[in-house]
Amino acid sequence: QVQLVELGGGLVQAGGSLRLSCAVSGGTFSSYAMGWFRQAPGKDREFVAAISRNGGASNYADSVKGRFTIARDNAKVTVHLQMNSLKSEDTAVYYCAARREGSIWYVGSSRSEYNYWGQGTQVTVSS
């Protein structure tokens, strides 16, 4: 059974940084495209960033482009989300997701295309 566990959430002041990590177990990490999504109170879960199976491609939501960076370490079966210049509107529960199979270059943003999800980690940015 594939399990995803997110770490690294917390409270940070606006303009600060946080690094989220997601450890994957129970599957072949290198065969998964990985994504990060977030859900703010009262809003739908939205795409944040994705990285391809081979790490050669990435995709970002416009709202985080230039501030967030997604990276993967296949040896450590972990994906990271480095978040800089945080804003109050970045406050949300952040979820890690994995998509099995498909193109090695897949970096999709659709929730329905991801097969496995973590439980989420809270990120709160105070203004």
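With which side chain does the side chain of Arg-38 make a polar contact of 2.9 Å, besides that of Asp-90? The partner is the side chain of Tyr-94, at 2.9 Å. A polar contact here is a pair of N or O atoms within 3.5 Å; within protein, one must be able to donate a hydrogen and the other to accept it, and residues adjacent in sequence count only if both atoms are side-chain atoms.

This is a predicted model, in which local features need pLDDT of at least 70 and side-chain atom pairs count only at pLDDT 80 or more, while totals for chains, interfaces and linings use all residues. Residues are numbered from 1 along each chain as its sequence is written, and side-chain values use heavy atoms, with hydrogens and water left out.

**The sheet**
- Four strands form an open sheet in the order β1-β3-β8-β7, with antiparallel pairing; strands are DSSP runs (E, at least two residues) numbered from the N terminus, and two of them pair if DSSP finds at least two bridges between them.
- At the edges are β1 (3–7) and β7 (68–73), each pairing on one side only.
- Strands β3 (residues 18–25) and β8 (residues 78–83) run antiparallel and are joined by six bridges.
- Cys-22 has Val-79 in β8 as its bridge partner.

**The nonpolar core**
- The largest nonpolar core has 39 residues, and Val-79, Met-83 and Tyr-94 are among those with the most contacts inside it.
- Such a core is a set of buried Ala, Val, Leu, Ile, Met, Phe, Trp, Tyr and Cys residues joined through side-chain atoms within 4.5 Å.
- Met-83 is in contact (heavy atoms within 4.5 Å) with residues including Leu-18, Phe-68, Tyr-94 and Val-123, leaving aside neighbours within four places in sequence.

**Arg-38**
- Arg-38 sits in strand β4 and is buried, with a relative accessible area of 6%; buried means under 20%, exposed over 50% and partly exposed in between (1.4 Å probe, protein chains only).
- Its side chain also makes a polar contact with the side chain of Asp-90 (2.9 Å).
- Beyond neighbours within four places in sequence, the contacts of Arg-38 include Glu-46, Val-48, Phe-68 and Ala-92.

**Arg-100**
- Arg-100 lies in strand β9 and counts as partly exposed, at 37% relative accessibility.
- The side chains of Arg-100 and Tyr-116 are joined by a polar contact of 3.1 Å.
- Not counting residues up to four places away in sequence, Arg-100 also touches Ser-31, Tyr-32 and Asn-115.
- Arg-100 and Tyr-114 are 14 residues apart in sequence and 7.6 Å apart in space, C-alpha to C-alpha.
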